Amino acid sequence: MLPGLNQLAYHDRLQLLQMPTLRFRRLRGDLIEMYKIMAGIYDNRVTQDLFQINNIHQTRGHSMKIVKQPCRLDIRKNYFTHRIVTNWNNLPENVINATSVNNFKNRLDRFLEHHPMKYNKDMDYTIA
């Protein structure tokens, strides 16, 4: 450990070292995987029934919104297919319309650059 860091709070250490929290890295990884699924990078035979695209065109948000399926059991709330829906639907159009995975990562990083969860593990998991 670096000298003097053991006296700082966890989120202060992260901010000083410019290291995002595990929750933030998990969210970023989930969104990247979701982009790969929606862009058809993975085999469609495996991913075709994971998500249902919302066909009701609304005036807000992007064109690739997905429907959040209800779940009866609390354990299902932690599944990737359930926990990613709200965050994916809250992304802006310019992030979703990236032309490649690297382009998506760059746009996503710019969008999440000042998200409060980046250095604070107690913040809400959702993108607002």
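Q: Is Phe-104 buried or exposed?

A: Burial is judged by relative accessible area: under 20% is buried, over 50% is exposed, and values in between are partly exposed, with a 1.4 Å probe and protein chains only. Phe-104 has a relative accessible area of 0%, so this residue is buried.

Q: What sort of model is this, and how are residues numbered?

A: This is a predicted model, with residues numbered from 1 along each chain as its sequence is written. Local features need pLDDT of at least 70, side-chain atom pairs count only at pLDDT 80 or more, totals for chains, interfaces and linings use all residues, and side-chain values use heavy atoms, with hydrogens and water left out.

Q: What does the pLDDT say about the chain?

A: pLDDT is the predictor's confidence in each residue, on a scale from 0 to 100. The chain averages 86, and 96% of the residues score at least 70. Confidence is lowest in α3, with a mean of 82, and highest in α7, at 96.

Q: How many helices and strands are there in the chain?

A: Helices (H or I, at least four residues) and strands (E, at least two) are DSSP runs, numbered from the N terminus. The chain has seven helices and zero strands, which gives the pattern α-α-α-α-α-α-α along the sequence. Its C-alpha trace spans about 55 × 35 × 30 Å along the principal axes. Of the chain's 128 residues, 30% count as buried.

Q: How many aromatic pairs are found in the whole structure?

A: Rings of Phe, Tyr and Trp (its six-membered ring) pair if their centres lie within 6.5 Å; planes under 30 degrees apart count as stacked, over 60 as edge-to-face and the rest as tilted. A search of the whole structure finds three such pairs. One of them is Tyr-35 with Phe-104: the ring centres are 4.5 Å apart and the planes are at 10 degrees, so the pair is stacked. Tyr-35 belongs to helix α2 (residues 22-38) and Phe-104 to helix α7 (residues 101-112), so the pair ties together parts that are 69 residues apart in sequence. Tyr-35 is buried as well, at a relative accessible area of 6%.

Q: How do the rings of Phe-51 and Phe-80 pair?

A: Their centres are 6.1 Å apart and their planes stand at 75 degrees, so the pair is edge-to-face. Phe-51 sits in the loop between α3 (44-47) and α4 (80-83), and Phe-80 in helix α4, so this pair ties together parts that are 29 residues apart in sequence. Phe-51 is buried, at 13% relative accessible area, whereas Phe-80, at 21%, counts as partly exposed.

Q: Which residues form an aromatic cluster?

A: Tyr-35, Trp-88 and Phe-104 form one cluster.

Q: How do the axes of α2 and α7 cross?

A: Axes are lines fitted to C-alpha atoms, for helices over the stretch in contact, and angles run from 0 to 180 degrees between N-to-C directions. The axes of α2 and α7 come within 10 Å and cross at roughly 140 degrees. Angles under 35 degrees count as roughly parallel, over 145 as roughly antiparallel, 65 to 115 as roughly perpendicular and the rest as oblique. The two helices α2 and α7 are therefore oblique to each other.

Q: What is the hand of the crossing of α2 and α7?

A: A crossing is left-handed if the near helix is turned anticlockwise from the far one by less than a right angle, and right-handed if clockwise. The crossing of α2 and α7 is right-handed. Residues making the contact (heavy atoms within 4.5 Å) include Phe-24, Leu-31 and Tyr-35 of α2, and Phe-104, Leu-108 and Leu-112 of α7.

Q: Which residues is Ile-96 in contact with?

A: Leaving aside neighbours within four places in sequence, Ile-96 is in contact with Tyr-35, His-62, Met-64, Trp-88 and Leu-91. Ile-96 is found in helix α6 (residues 93-96) and is buried, with a relative accessible area of 3%.
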